[in-house]
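Here is a friendly walk through a model made of several chains. Please keep the structure open beside you as you read.

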Amino acid sequence: MKKLTSPYTWGMVIDLDRCTGCGACVVACQAENNVAVCGKKEIAEGRNMHWLRIERFWVGEYPDVRVRFLPVLCQHCKDAPCEPVCPVYASYHNPDGLNGQVYNRCVGTRYCGNNCPYAVRVFNFYSHEWPPPLDNQLSPDITVRSRGVMEKCTFCVQRIRRAKEEAGGEGRMIRDGEVQPACAQTCPSEALVFGNLADPKSRVARLTRSPRSFKLLEDLGTHPSVTYLKGGGREHV
Amino acid sequence: MSEFSGQTHGDTPAAKSAARLNDEMLSSMAPPTWRWYALAFVLGAVVAWGLYAFSYMVATDMSCTGLNRPVMWGLFIVSFVFWVGLSHSGTMVSAILRLSRAEWRRPILRAAEAMTVFSITVAGLFPIIHLGRNWTFYYLIPYPNQRGLWPNFRSALLWDAVAITTYIIGSTLFLYLGMLPDLAIARDRSSGWRRRVYAVLAMGWRGSAHEWSVYRKASTLMAALIIPVAVSVHSIVAFDFAVTLVPGWHSTIFPPYFVIGAINSGVAAVITLMIVIRKAFRLEEYLTPQHFDNMGKLLLVISLLWSYAYFVEVNITWYAHEPIEWEVFSFMANRYTPILALMILANTVLPISTLCFKRLRRSIGVMLTVSVLINVAMFIERYLIIVPTLSRKNMPFMWGSYFPSWVEISIAVAAFAGFGLLYLLFAKWFPIMAVADVRELKEREAEVRLGRAKLPADVKDEL
Amino acid sequence: METLGIFNDVDTAARAVEELIRAGFAEDRITSLTSVPYPDGVLVKREPRSWFRWVSLAGGIVGAATGFLLSAGTSWVYPVQTGDKPIISPYPTGIITYEFAMLFAIIGAMVGMFLEMGLPPRGGRLYDPSISDGCIGVEVSVASRDEIGRAEEVMKRAGALKTISEGTV
């Protein structure tokens with residue numbers, strides 16, 4: 001038995017004080033990852049395919065009403081509840097700390113979806129189609145998922161793979177900020193920051209140590225790789 | 001068949017010849033009547049409809065179900081748990097009664113053991129029906145392949161697969177073992193191709209002293225082996241829920257609670273089936289009120305145990321008032337008030353209030369009502385464990401609800417019809433009464449004079 | 001070489017067994033054929049010990065080894081990390097080991113039982129369908145043809161309905 005190790009531990013910081021709830025990340029994710037386009041009907045049925053969603057909460061009573069946004073994507077937990085329950089290893093932990101999902105292994109038990117406390121796993125209830133010319137926008141780097149399989153945010157693993165290849169060719173590590181998932185790249189207010197948590201000097205590692213940091217459903221002990229920032233004297237907003 | 005309704009003649013089974021007993025107990029194997037065909041046709045039609053619904057789901061996609069995010073498990077898994085639960089009666093009750101030498105078990109044995117085999121078979125289909133890609137279910141089987149696939153033994157679903165396979169094989173062998181001497185009797189009483197089939201199944205059984213001596217020991221050993229398997233099977237089904245992080249499922253009482261629930265629905269189903277078989281095959285003098293009285297006592301005990309477990313589960317959640325868990329429970333109580341009330345009525349109030357009374361336990365009508373209602377309640381119980389819990393998980397933004405679609409309802413109903421059909425065929429082709437077991441008891445019953453009374457003296461089984 | 005006498009009830013059959021023993025046939029060469037089990041000694045006595053349980057135990061041990069190797073062994077050979085659980089996780093390994101042990105023990109019990117019973121038999125053996133309807137068969141295995149005649153005589157005297165030395169299951 002050989003345990004695989006990696007110099008990278010990918011993680012993300014989401015600064016809620018910066019998030020404006022614009023939804024650019026959701027669209028970027030959709031475009032990057034061949035996420036199926038869902039209409040009103042599917043969303044009303046609870047079968048939309050967004051890998052990343054922005055939860056919107058109304059806080060307070062009229063006239064003092066505020067809106068709060070919470071972008072939620074796969075938290076890439078270190079102790080992920082979704083992984084050990086999969087009977088066919090479709091959901092597994094890769095050495096980079098990513099919570100991998102192998103689509104063509106998946107048989108569709110949906111057990112992982114039940115056991116994910118963040119409810120970020122989406123299931124292909126429909127056979128989604130991309131009628132021409134929409135199929136031209138499909139990314140060749142990523143599988144188009146068939147019906148009956150589970151899918152979820154991968155931290156744009158295809159970009160990480162490419163950056164690793166480039167860096168490996170040049171015989172160096174990936175530089176901080178060299179690789180970004182589509183959501184972080186798109187965020188106009190730079191609320192999303194992605195990077196290597198194993199490098200204590202990376203931007204994401206420094207932000208993770210912020211006194212404003214917290215993790216989603218921290219008490220469950222899932223040890224997410226995504227850290228949220230909130231507070232910093234702006235709690236009233 | 002009417003000349004066999006011995007009760008009217010007033011002669012007791014003990015006074016009858018062995019051939020007469022064989023005739024009566026094997027009367028169910030007589031050539032089928034038009035009613036049998038009609039019933040088989042109706043059940044077959046329902047099964048065909050269910051198959052159509054399933055094929056439709058496979059051919060299109062899973063959007064024809066009511067499932068969604070967050071309720072990713074629905075009626076299929078409810079049915080799965082229900083049928084696994086139902087399968088716990090037979091073999092387990094029969095094994096426990098065998099080991100505790102309860103002589104009244106004998107006429108019930110076969111019906112109960114057959115029920116186990118068919119309900120676990122039906123149950124085993126549901127996880128496969130439920131899969132998003134049913135056609136790849138063999139990915140769960142550990143065999144070397146060129147796909148680089150191997151199942152994950154850390155997943156509770158794989159424990160399920162292993163446990164259910166064990167239970168299907170174990171309970172089928174247990175049924176077969178119990179049937180071996182009866183198959184020999186069936187062989188000797190039939191002719192033509194049926195005789196050849198029974199001859200193969202009876203394995204050349206003659207009933208020699210040596211065969212019987214080994215057979216008796218083997219029955220005891222099998223009974224002892226099958227009980228822990230039965231307990232483990234429903235515990236593992238409970239692990240599917242209990243090992244998760246889902247509030248409302250993650251509960252340490254689940255495995256024993258599920259086992260109790262399983263025995264509850266199983267014992268109730270055995271009683272229902274006893275009533276049906278008794279009526280259909282006119283076996284009134286073999287399945288007497290005494291049997292219903294005893295089974296009623298058993299059901300009362302299980303019912304009390306179930307109520308206790310349910311009380312513990314709810315009481316502790318209520319007292320701790322952990323917010324998400326409590327949300328699950330209050331959602332269940334608010335949204336599903338009518339069926340929750342029906343569940344408590346049928347699973348606790350009704351059985352406990354009726355089964356305490358001997359007169360009611362001996363009334364077939366009361367027993368039928370109580371036993372059928374218990375299974376309705378147990379179906380509801382599984383629904384209430386699965387659906388409301390998933391509707392209210394940790395992230396309030398992703399709360400949802402679920403209602404089964406026509407596809408799911410059709411398949412769930414077809415499962416009942418399929419079970420009925422299997423049972424119907426079994427009762428026609430195989431001895432539905434444990435003939436040798438019943439006759440053994442008759443042989444051993446003698447009356448001895450003690451003082452002024454004549455008392456029955458029977459030789460106990462040796463284990 | 002065997003002969004089989006068919007008796008109407010246990011009492012006559014038991015008497016026949018006694019007569020046979022008195023006539024010099026060893027008890028271990030006499031067996032009874034019945035459609036319901038009788039306590040040992042009602043007709044003939046049998047060796048109370050049996051060995052098929054060992055087959056069941058062997059099955060259980062083989063099953064436990066199979067289960068352990070399947071769950072722990074294969075995970076160890078091809079480790080896939082899932083959710084911070086150890087590659088060889090004790091509880092799952094225990095569950096799989098247990099289930100396989102029970103499965104193989106059950107199969108072992110059945111196989112052992114049939115082996116010890118000697119079923120299914122290689123050749124045909126004496127039998128009569130009336131045994132199923134409550135008659136009792138007493139079978140004597142003998143060395144020579146004239147012993148058959150002697151045994152048949154003893155059984156007829158004791159009240160056998162008929163004796164047969166042909167006709168199989």
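## Reading the model

This is a predicted model, in which local features need pLDDT of at least 70, side-chain atom pairs count only at pLDDT 80 or more, and totals for chains, interfaces and linings use all residues. Residues are numbered from 1 along each chain as its sequence is written, while chains are lettered from A and ligands numbered from 1 in the order in which they are written.

The model scores ipTM 0.92 and pTM 0.92. For the residues there is pLDDT, the predictor's confidence in each residue, from 0 to 100. Its mean over chain C is 86, with 98% of the residues of that chain at 70 or more. Within chain C, α3(C) has the highest confidence, with a mean of 94, and strand β4 (residues 162-164) of chain C has the lowest, with 81. Chain B averages 88, and 95% of its residues score at least 70.

One stretch calls for care: over residues 1-14 of chain B, pLDDT stays under 50, and the model has 19 contacts beyond four places in sequence for that stretch. Two residues are in contact here if their C-beta atoms, placed from the backbone, lie within 7 Å. Where pLDDT is low, the predicted coordinates should not be read in detail.

## Chain C

Chain C holds four helices and four strands. These elements are DSSP runs, numbered from the N terminus: helices are H or I with at least four residues, and strands are E with at least two. Along the sequence they follow the pattern β-α-β-α-α-β-α-β. Chain C is more spread out than a compact globule, because its radius of gyration is 25 Å, well over the 15 Å that the globule rule gives for 169 residues. The radius is taken over C-alpha atoms, and the rule is 2.2 Å times the number of residues to the power 0.38.

The C-alpha trace of chain C spans about 80 × 25 × 25 Å along its principal axes. Two domains divide the chain: domain 1 (2-47 + 121-164) and domain 2 (52-117), with bounds that come from an automatic or database domain assignment. Taken over C-alpha atoms, the centres of domain 1 and domain 2 of chain C are separated by 45 Å. Of the 169 residues in chain C, 43% are buried. A residue is buried if 20 or more other C-beta atoms lie within 10 Å of its own, exposed if 12 or fewer, and partly exposed in between, with C-beta atoms placed from the backbone.

## Chain B

Chain B has 15 helices and two strands. Its radius of gyration, 24 Å, agrees with the value near 23 Å that a compact globule of 463 residues would have. The C-alpha trace of chain B spans about 75 × 55 × 40 Å along its principal axes, and 52% of the 463 residues count as buried. Among contacts in chain B between residues at least 6 apart in sequence, 80% join residues at least 24 apart.

## A sheet in chain A

In chain A, four strands form an open sheet of mixed pairing, in the order β8-β1-β10-β9. Its edge strands are β8 (192-196) and β9 of chain A, each of which pairs on one side only. Two strands count as paired if DSSP finds at least two bridges between them.

Strand β10 (residues 226-229) of chain A points Val226(A) and Tyr228(A) one way and Thr227(A) and Leu229(A) the other, and all are buried. Four bridges join β10(A) to strand β1 (residues 10-15) of chain A in the parallel sense, with Val226(A) as the bridge partner of Met12(A). With strand β9 (residues 213-214) of chain A, β10(A) pairs in the antiparallel sense over two bridges; here Leu229(A) stands opposite Ser213(A).

## Where the chains meet

The contact between chains C and B takes 50 residues from chain C and 50 residues from chain B. On the chain C side, the elements that give two or more residues are β2 (30-33), α2 (52-77) and α3 (90-117) of chain C. The largest share, 15 residues, comes from α3(C).

Chains A and C also touch, with eleven residues of chain A in contact with nine residues of chain C.
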